[in-house]
Amino acid sequence: MAILPPGVSQQQFDTAINRLKSVVGDEWVFTSDADIHAYRDHFSYIKDQPNELIPCAAVGPDSVEQVQAIVRIANEFQIPLYSISTGKNFAYGGPSPNVRGSLTVDLKRMDRVLEVDDKRNFALVEPGVSYIDLYNYIQEHGLKVWVDTPDPGWGSPIGNALDHGIGYTLGPYRDHFSAHCGMEVVLPDGEILRTGMGAMPTSDSWQEYKHGFGPDPAGLFGQGNFGIVTKMGFRLMPQPEHWRNGLVTVPRRQDFIAMVDTVNYLTDLGMIGEPWYSGGLQALMTNTEFAKAANAFNEEEMDRQAIAAGLPSWRVELQFYGSEGTTLANWEYAKELMARNIPGVQFTDGESLPVPLTDEQIQKSSTPYESAMRRNITQGRPGLGIWYMTGRTDFDPNAWNETHIGLFSLVGRSGEAVFKAQRDFADISRRLEMPGFFPNALAVPVNWYQNSFLMGNGFGAAKGNSPQQKKDATKLLRRLLEENAKLGYGDYRAPPILQDDVADQYSFNNNILRRFNEKLKNAIDPNGIISPGRAGIWPEAYADLRGSLRED
Amino acid sequence: MTNRRQFIQSGLVFSTLPLTEFAAVKMAVAAPEGPELTLENFVADRRYAESMAAASKLGAQGVPVVEISGDLTDLWINNYSRKWKRSPMTLAGLTGQDALFVLETLAPDFGMRVVHKQLLDAPSSPTVLSTSDGKPQVFSWIIAPKNSAYAAI
């Protein structure tokens, strides 16, 4: 199933392939169907459809110089490129490009951990390094720093950060792109750029001060298509001596407002790690009367039934890093603040453990309450266990996991905003005839980003696994994105098939953001060869592909 | 990273089974006829009695067995992530599909691929994993270097 790059003839393609082989060696250029199979997104909403986003070939460089040569060849032959680190960003496109027939630049061979410093607390890595690789390096060298890892941890710190991915420890480290410090980029003309203090050849501060001098172009490479990142620095969390957790529960629905305000205060003072919110009343949804009250947002009835059942309306698990003494003091302070602000609040002490936790402590929580925390990721230990949730394999591709066919939308970081979002999402679900994934009145936010809430919605869009059902789900998600935009709920990440639609949401001043980015794109990348279409940024050379995946 | 297209034979052959033992592996993983199978590991999933039974039999015949309970994290971080970087290997297993999914996804990065897999009928132990039709999925499988003789069958 040979696919050519758009506008490129077979002869031109064959010549380009031979040129690539002369750069990286025959064995590192992949054109067979069996090899290309690894570069398909097996979670794609359009898998096996005629418009599936499949590359024409893949090439595996092992040095910056080879990346530069590949970029120059791509310009010469006008072949669009799509770079991947480990290619494991499943549910957001994985290894698949934005343009069918792109040449995938597989950076996995560039897998060196260049430096880790556990006194100044930073790392410098290449794109092929995975979180697990970095974790192994730190363990092997006995370094006292942590990786703030996503879940699963088989992805790349560079790839994850560039897609605005997140983790689960302390606030400054959870926003992986913000936690980066300095990058090296191969630009669309093949030149090498270093950001921040990397622009000063003799500086020793590349991984300590990211602004450098003057405008900082680093943001252009996050969810952008202005270059191929070949090195990236990250600030790392020092390994704490102790970890503690505890549970806070509140009785009434409206108590959530004060709970969030208090948690925000503790978070922004740097006193707690990621808080894990959960509802306390899911068990009551089997009660017809409660379900009716929840669906109608009848707060008085919900509170009455919660009290009668002896269940809290809301829960938040807090976690603390530091010494045994400081974690205890911070937990006591958290309890004092909550008690000051919320009558009837209750607390349950969790565990208090020296760091590092043992394997047994990681695998088995001994907290005296049901904990939603996946323990390994709170300890900077990457894992693979989260794949219990997938039903899909190549053997049974129709066992397509429905869990991540949905959206995570930005919601204001307050209880009031969460309550509004619950009602808005419930209303949108009804109008689009889409079942909600959660009982909407009980939906909680995630606080992956320290200063923001994200809330899941649209997870009921997929009603089955047939190609038609997947198409229908995609159409529904597009309508959902439109409806969300009207009410201010923007998406923070998306697979290629939805990136144009998400970009449409950011429409202030006649989509000035996209117009600005595309003006830059055309100036910096006149042939448009670096990941055209990424984040809805289309160069002139491929402008006719904008919206081409929409089948409405 | 090692050469992805080179079949590695020396230094890592932990157990070469003569035909009689190969038959046991074949039965364990329901594999088709093939050349002599050089197995470095059999991955046993503690959640399934069938898997532990196969592990017991193969272990008695000298095949090194590693055990998981679905989650591959420890096996990957402490073992395979390092071994596979040095060179590809041949391994077999009888596991839930969640574990197979992780290994089949990682294998191509290290010059390997799944060369055999078969869904087991009516596994004895239910899995916590939910699939689209609610049925547990347990697979027997073999992963081998992608240019190995076994992969060519």
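Modeller: Helix 7 (residues 255-268) of chain A packs against helix 13 (residues 415-431) of chain A at an angle of about 130°, and their axes are 8 Å apart. That angle makes helix 7 of chain A oblique to helix 13 of chain A. Please keep in mind throughout that this is a predicted model.

Colleague: Which residues of helix 7 and helix 13 of chain A actually meet?

Modeller: From helix 7 of chain A come A:Phe256, A:Ile257, A:Met259 and A:Val260, and they meet A:Gly415, A:Glu416 and A:Val418 of helix 13 of chain A. By type, the residues of this contact divide into 5 nonpolar, 1 polar and 1 charged.

Colleague: Where is A:Arg413 found, and is A:Arg413 buried or exposed?

Modeller: A:Arg413 sits in the loop between strand 16 (407-411) and helix 13 of chain A, and it counts as buried because it has 21 C-beta neighbours inside 10 Å. Leaving aside neighbours within four places in sequence, A:Arg413 is in contact with A:Asn264, A:Asn451, A:Ser452 and A:Phe453.

Colleague: Changing topic, in what order do the 5 strands of the open sheet in chain A run?

Modeller: The order is 5-6-10-8-9, and the pairing is antiparallel. Strand 5 (113-117) and strand 9 (192-194) of chain A stand at the edges with a single partner strand each, so one side of each has no neighbour in the sheet. From one strand to the next, the twist averages 10°.

Colleague: How many bridges join strand 5 of chain A to strand 6 of chain A?

Modeller: There are 4 bridges between strand 5 of chain A and strand 6 (residues 122-125) of chain A, and the two run antiparallel; A:Val113, for instance, has A:Val125 as its bridge partner in strand 6 of chain A. The two strands form a hairpin with 4 residues between them, and in the turn A:Asn121 has a positive phi of about 65°. Strand 6 of chain A is also joined by 4 bridges to strand 10 (residues 228-235) of chain A, again running antiparallel, and there A:Phe122 stands opposite A:Arg235.

Colleague: And which way do the residues of strand 6 of chain A point?

Modeller: A:Phe122 and A:Leu124 point one way, A:Ala123 and A:Val125 point the other way, and all of them are buried. In a regular strand, side chains alternate between the two faces of the sheet.

Colleague: What covers the buried residues of helix 4 of chain A?

Modeller: The cover includes strand 5, strand 6, strand 7 (145-146) and helix 5 (157-162) of chain A, together with helix 3 (73-86) of chain B. In helix 4 of chain A, 7 of the 10 residues are buried, so the helix is largely enclosed by the rest of the structure. Among the buried residues are A:Tyr131, A:Asp133 and A:Ile138. After helix 4 of chain A comes A:Gly142, with a positive phi near 60°.

Colleague: What is phi for A:Gln223 and for A:Ser531?

Modeller: A:Gln223, although not a glycine, has a positive phi of about 50°; it belongs to the loop between strand 9 and strand 10 of chain A and counts as buried, with 20 C-beta neighbours inside 10 Å. For A:Ser531, also a residue other than glycine, phi is positive and near 40°. A:Ser531 lies in the segment after helix 16 (508-524) of chain A and is buried, with 27 other C-beta atoms within 10 Å.

Colleague: Last one: how many helices and strands does chain B have?

Modeller: Chain B has 4 helices and 5 strands, which follow the pattern α-β-α-β-α-β-α-β-β along the sequence. Of its 153 residues, 48% count as buried.

Terms used:
Residues numbered from 1 in each chain as written. Chains lettered and ligands numbered in written order. Predicted model: local features only at pLDDT ≥ 70, side-chain atom pairs only at ≥ 80, totals over all residues. Axes fitted to C-alpha atoms, helices over the stretch in contact; angles between N-to-C directions. Parallel < 35°, antiparallel > 145°, perpendicular 65-115°, else oblique. Contact = placed C-beta atoms within 7 Å. Nonpolar A, V, L, I, M, F, W, Y, C, P; charged D, E, K, R; others polar. Pairing = 2+ DSSP bridges. Buried ≥ 20, exposed ≤ 12 C-beta atoms within 10 Å, placed from the backbone.
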